[in-house]
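Visitor: Hi, can you walk me through this one? I'd like to begin with the pockets.

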Amino acid sequence: LVEQGERAAALDVAGHGLDMTGEGSKTELARWTVTLAQSADDSVLALHAAQIAFTSSYELADYQVAERVAGADWPAVKAELLEQMARSTSYHKVDIYLYEHMLAEAMAVVDGAYWSGDLNRVIQATRAEFPDWGIRKCKRQAEGIMNEGKAKYYDSAVGWVRTARDIYLQHDRGAEWQAYLNGLLETHARKYKLVPMLR
């Protein structure tokens, strides 16, 4: 229809498709509709499509499109989108929460996951405001490796220890850091590969 110059009809069909229920993702249709609706100055359909694009993908790029399209209506739209996302099982939640500086929510997502590839990113984003959370997470990661003597992963363990050190020092807690390091050196004194790395 677009290729035949029938943009209005194309938008009618697209709008109908977006409102249909059933299986299958509407992400691509919604993204396409946003662009076409904006070029036709149909702000209502553009916003509707932008919201559907996000709630079918939960990706940051779609969230940012919805933010731009919503304009002055963004506060209300944002609240609705975040509420829908919170009920989802999307693994993109952390991206949105960090974008919105919703640090407690980002930490809660990581806390609720058996394993999270976002852990280091959330630690870095929260270290200024929630240092104890980051330090605790780093210690857990490092100690899990060191206590089990997983020598081939000592590099990773020391990386987590280093991050904990940096957070301690960032908050002028050098004495706490030194006490923790001394404790590690004492606990793992017999691990001849690990001790030089910790030192």
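This is a predicted model: local features need pLDDT of at least 70, side-chain atom pairs count only at pLDDT 80 or more; totals for chains, interfaces and linings use all residues.

Visitor: Which elements give two or more residues to the lining of the largest pocket?

Guide: Those are α7 (103-111) and α9 (131-147). The largest share comes from α9, with 3 residues.

Visitor: Which residues line the largest pocket?

Guide: Among them are V110, D111, Y114, W115, K137, R140 and W160. By class, the lining has 6 nonpolar, 2 polar and 3 charged residues.

Visitor: New topic. How many salt bridges does a search of the whole structure find?

Guide: The search finds 12. Side chains of opposite charge can pair when their charged atoms come close. One of the pairs is D132 with R173, at 2.8 Å from N to O.

Visitor: What does the pair of D132 and R173 tie together?

Guide: D132 lies in helix α9, and R173 is in the loop between α10 (154-170) and α11 (174-187), so the bridge ties together parts 41 residues apart in sequence. D132 is partly exposed, at 43% relative accessibility.

Visitor: And E83, what does that form a salt bridge with?

Guide: Its partner is R87, with the closest N and O atoms 3.1 Å apart. R87 has a relative accessible area of 60%, so it counts as exposed, the cut-off being over 50%.

Visitor: Which residues are linked in a network of salt bridges?

Guide: E28, R31, E59 and D62 are.

Visitor: Last one. Which residues form a nonpolar patch on the surface?

Guide: V2, L29 and W32 do, with about 240 Å² of accessible area together. W32 sits in helix α2 (residues 27-39). At 41% relative accessibility, W32 is partly exposed.

Definitions and conventions
Residues are numbered from 1 along each chain as its sequence is written. Side-chain values use heavy atoms; hydrogens and water are left out. Patches are made of residues with over 30% relative accessible area and no salt bridge: like charges are joined within 9 Å, nonpolar side chains (Val, Leu, Ile, Met, Phe, Trp, Tyr) within 5 Å. Accessible areas come from the Shrake-Rupley method with a 1.4 Å probe; for residues, only the protein chains shown count as cover. A salt bridge is a side-chain nitrogen of Lys or Arg within 4 Å of a carboxyl oxygen of Asp or Glu. Helices (H or I, at least four residues) and strands (E, at least two) are DSSP runs, numbered from the N terminus. Buried means under 20% relative accessible area, exposed over 50%, partly exposed in between (1.4 Å probe, protein chains only). On a 1 Å grid over the protein atoms alone, a cavity is a set of points where a 1.4 Å probe fits but cannot get out, and a pocket is an open set with protein on both sides within 12 Å along at least five of seven lines; lining residues have an atom within 4 Å of a point. Ala, Val, Leu, Ile, Met, Phe, Trp, Tyr, Cys and Pro count as nonpolar, Asp, Glu, Lys and Arg as charged, and the others, Gly among them, as polar.
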